[in-house]
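Here are my notes on the model you asked me to look over. Please read them with the structure open.

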Amino acid sequence: MKPCAFEYFTPATVPEAIGLLERYGEEAKVLAGGQSLIPMLNFRVARPKVLVDINQVKELDYIREEKDELVIGGLTRERSLEVSPLIQKKCPILAEAISYIGHLPIRTRGTIGGSLVHADPTAEIPVVVAALEGQMKVAGPSGERLLRAEEFFVTYLTSALEPSEILVEVRIPTLPPNTGWSFMEFSRRHGDFGIVSVAALLFMGSQGRCQKASLALGGVAPSPLRAREAEILLSGQVITEALIMEAGVRAAQATEPESDYHASAEYRRNLAKVFTQRSLQEAWNKIKGGK
Amino acid sequence: MADRRRIRVKVNGREVQGEVEPRKHLVDFLREDLELTGTHVGCEHGICGSCTVLLNGEPVRSCLMFAIQADGAEIMTVEGVAQGGKLHPLQEAFQEHHGLQCGFCTPGQLMTAYHFLKENPNPTEEEVRLAMSGVLCRCTGYKQVIDSVMAAAAKMRGK
């Protein structure tokens, strides 16, 4: 279908965009890459009176390294991140996860900020940002604030953004050299929405012990889910296959999946177990392989 | 009275202007205003891939952006693939290997493959399968599409 008519603005700066959002409040939606919003407009599920198209806010498109963080502008295209040598070197799990997003023509338009704000529990970028303990910088009429993933993701398709705020920057830690990582996703066909996805990170310490583990799951809760019990189980330990198996069981226990057209809750919980185990194994193999 | 805005785009090398409502999809501007009906509208939500065109050299779903957002951009549609009345080797390969039957998805297949082969002139079949997976086809069962793209790659490398 075709969208309902809307008033259309193309601010060139962040303050201009915020000014428009302040003026129109709940009636306005921000248009970034549009790969989720435009389908919703086409279906007329969303009928905003005003669209604030931020694609002309060029200052929001960048990838930089600052100390031990990658700093990414909210309007940076998914494709730019996927092929960025800096991302591939310093945070390869992000590039890997992005390769699962739809198909190339979606990633050439879709943005990191758009994916985070849309907060689809099956989306890839939110899961990786949760596992990496990234932070979202949000700008509004009263200034900027920095939100952690657990503060940012509220529930299904809902972030902590106020109607007059926009996500301007994402800050994610670079991976230390001795880190095992893996991103895995199960979907019916390549490019479909993921049914369950897992981002696993093993930060290795001295004497072959895992200093800290980080596990985030998508598609099994209203927001990206950190599997804290499984992380605690792995942290400070020498990784073994038995430990990995048990971590998968604990991760699955933490899930609160729902049944829908694509998969039953029971099936999702089983996928959470199996894919946690497989991704931990892959992350562990990367360390053993000296990568 | 509907809000209409003037836009300028370069389509298949030709400068064109138009007046569009902000809500008009790029694909509808191409088809209705420019009468370039080679690009097909399938699902209108980004799944089927039939409406894929190149925007400044990169593939996009033209049902998932507004014409007004393409103001100032260069667009290539399926009408720009053949040159001087002669089919592109990619089109020849689709013909020779039965890469189409009803033809509905073909503009999307061709634009996707055109961009892919530019970036990957010597692909493996696995890479072709991955690249072409974003365009749905209800006739061919995909086998002939993959064969066509592999054959086109060989052709374009000079066999």
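1. Basis. This is a predicted model: local features need pLDDT of at least 70, side-chain atom pairs count only at pLDDT 80 or more, and totals for chains, interfaces and linings use all residues. Residues are numbered from 1 along each chain as its sequence is written, while chains are lettered from A and ligands numbered from 1 in the order in which they are written.

2. Chain A, overall. Chain A holds 12 helices and 14 strands. Both are DSSP runs numbered from the N terminus: helices are H or I with at least four residues, strands are E with at least two. The C-alpha trace spans about 60 × 45 × 30 Å along its principal axes. The radius of gyration of chain A is 19 Å, which agrees with the value near 19 Å for a compact globule of 291 residues. That radius is taken over C-alpha atoms, and the globule rule is 2.2 Å times the number of residues to the power 0.38.

3. Chain A, packing. Of its 291 residues, 52% count as buried (20 or more other C-beta atoms within 10 Å of the residue's own, with C-beta atoms placed from the backbone). Take contacts between residues at least 6 apart in sequence: in chain A, 64% join residues at least 24 apart. A contact means C-beta atoms, placed from the backbone, within 7 Å.

4. A sheet in chain A. Three strands form an open, parallel sheet in the order β1-β3-β2. Strands pair if DSSP finds at least two bridges between them. The edges are β1 (7-9) and β2 (28-31) of chain A, each pairing on one side only. The twist averages 25° from one strand to the next. Three bridges join β1(A) to β3(A), residues 50-53; A:Glu7 has A:Val50 as its bridge partner.

5. The helix over that sheet. Helix α1 of chain A (residues 14-24) lies across β1, β2 and β3 of chain A, at about 170° to β3(A). Axes are lines fitted to C-alpha atoms, for helices over the stretch in contact; angles run from 0 to 180 degrees between N-to-C directions.

6. Chain B. The order along the sequence is β-β-α-β-β-β-α-α-α-α. Its radius of gyration is 16 Å, close to the 15 Å from the globule rule for 159 residues, so chain B is as compact as a globular protein of that length. Buried residues make up 48% of chain B.

7. Interface. In chain A, 22 residues contact 19 residues of chain B. Helices α2 (37-42) and α6 (104-107) of chain A each supply at least two residues of the chain A side.

How values were computed: Buried ≥ 20, exposed ≤ 12 C-beta atoms within 10 Å, placed from the backbone. Contact = placed C-beta atoms within 7 Å.
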